[in-house]
Amino acid sequence: MIKHHPNDAILKNFVDGTLADSVSLIVSSHVELCEHCQAKVQQITANAADSVFDEQQTATSNEVVSFLADDIDFDVIDQITADLSQSIEVESKAEQVTVADTTFTIPRALSSIARKDWMNLGKISRARLDFEDDAHHTSLLHIDKDGQVPCHTHKGFEITLLLEGSFEDEMGVYNKGDFIWLDGNHTHQPATKEGCVCLTVSSDALYFTKGVSQLFNPLGKYIY
């Protein structure tokens, strides 16, 4: 069950089209997995449409509207809509990807975006997506069974969408579909027993906070 979602402000900005492209991409991927947020997005979209119609309401008479409606062949519109839906369904066929011993489904929002080669750092593998806006990095991240990311915080923000498996940290347990937004106010050490795959968007490097791992802070920007 998905327990972690984008907040209402993020979803509204998503509908309004005001999010950074990479952030919009990861929100779209979450909405694809989450019926709860699908319903919210539909409601926000409907509210926005109602608002636009209210603002643009004209003095057109009911007789004119009725006259125009009589001239519309709704059977033709229904057929066009059905053909379009069928076309979209074919184009958005789910893509399966395997990394190490984990197979997962790429969100449809990512299907047309090129992925660079996987880079391995111990139990962590990362494939950067060829999709960057400003300083944001968008990546697929695989953590192998019994793997973990050393304790760290963030110089900017880090958004994580769990695509497969589960992981846990000091703040809780996360499962497929969970959407987590962290920043410099959070310090955590993600660990997974079964392995996991995440889609991540980060605006700056990780900053390791404990032990020997602090020596690798110059490499923080290469992990996520």
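1. Strands, as the word is used here, are DSSP runs of E with at least two residues, and they are numbered from the N terminus. On that basis L163 lies in strand β8. The model is a predicted one, and local features are given where pLDDT is at least 70.

2. Is L163 buried or exposed? Since buried means under 20% relative accessible area, L163 counts as buried because its relative accessibility is 3%. Leaving aside neighbours within four places in sequence, L163 is in contact with L33, F104, P107, L140, K176, V197, C198 and L199. One of these contacts, F104, is 59 residues away in sequence, yet the two C-alpha atoms are 7.0 Å apart in space.

3. Strand β12 deserves attention for its burial, as seven of its seven residues are buried. In general, the side chains of a regular strand alternate between the two faces of the sheet. In β12 both faces are covered, with C196, C198, T200 and S202 buried on one side and V197, L199 and V201 buried on the other.

4. Helix α2 covers residues 21–33, and its geometry can be checked: at 1.5 Å a residue its 13 residues should span 18 Å, which agrees with the 19 Å between its end C-alpha atoms. The buried residues of this helix are S22, V23, L25, I26, V27, S29, H30 and V31.

5. The largest nonpolar core has 30 residues, and those with the most contacts inside it are I26, V27, F104, L140 and L199. Two or more residues each are given to this core by α1 (8–16), α2, α3 (35–55), β1 (95–99), β2 (102–106), β8 (158–169) and β12 (196–202). The largest share, five residues, comes from α2. Apart from this core lies another, of 13 residues, including L141, L162, C196 and C198. Returning to V27, and leaving aside its neighbours within four places in sequence, its contacts are P6, I10, L11, F14, L19 and F179.

6. The structure holds six salt bridges. In one of them K40 meets D8, with the closest N and O atoms 2.6 Å apart. K40 lies in helix α3 and D8 in helix α1, so this pair ties together parts that are 32 residues apart in sequence. K40 counts as partly exposed at 28% relative accessibility, and D8 is partly exposed at 45%.

7. Because E32 lies in helix α2 and R108 in the loop between β2 and β3 (119–121), the pair ties together parts that are 76 residues apart in sequence. E32 counts as partly exposed at 24% relative accessibility, and R108 likewise counts as partly exposed at 43%.

8. D101 forms a salt bridge with K145, the closest N and O atoms being 3.7 Å apart. D101 lies in the loop between β1 and β2 and K145 in the loop between β5 and β6 (147–148), so parts that are 44 residues apart in sequence are tied together by this pair. K145 is partly exposed, with a relative accessible area of 42%.

Note on methods: Residues numbered from 1 in each chain as written. Predicted model: local features only at pLDDT ≥ 70, side-chain atom pairs only at ≥ 80, totals over all residues. Heavy atoms only, no water. Helix = DSSP H or I, 4+ residues; strand = E, 2+ residues; numbered from the N terminus. Expected span 1.5 Å × (residues − 1). Buried < 20%, exposed > 50% of the residue type's maximum accessible area, 1.4 Å probe, protein only. Core = buried A, V, L, I, M, F, W, Y, C linked by side-chain atoms within 4.5 Å. Contact = heavy atoms within 4.5 Å. Salt bridge = Lys/Arg side-chain N within 4 Å of Asp/Glu carboxyl O.
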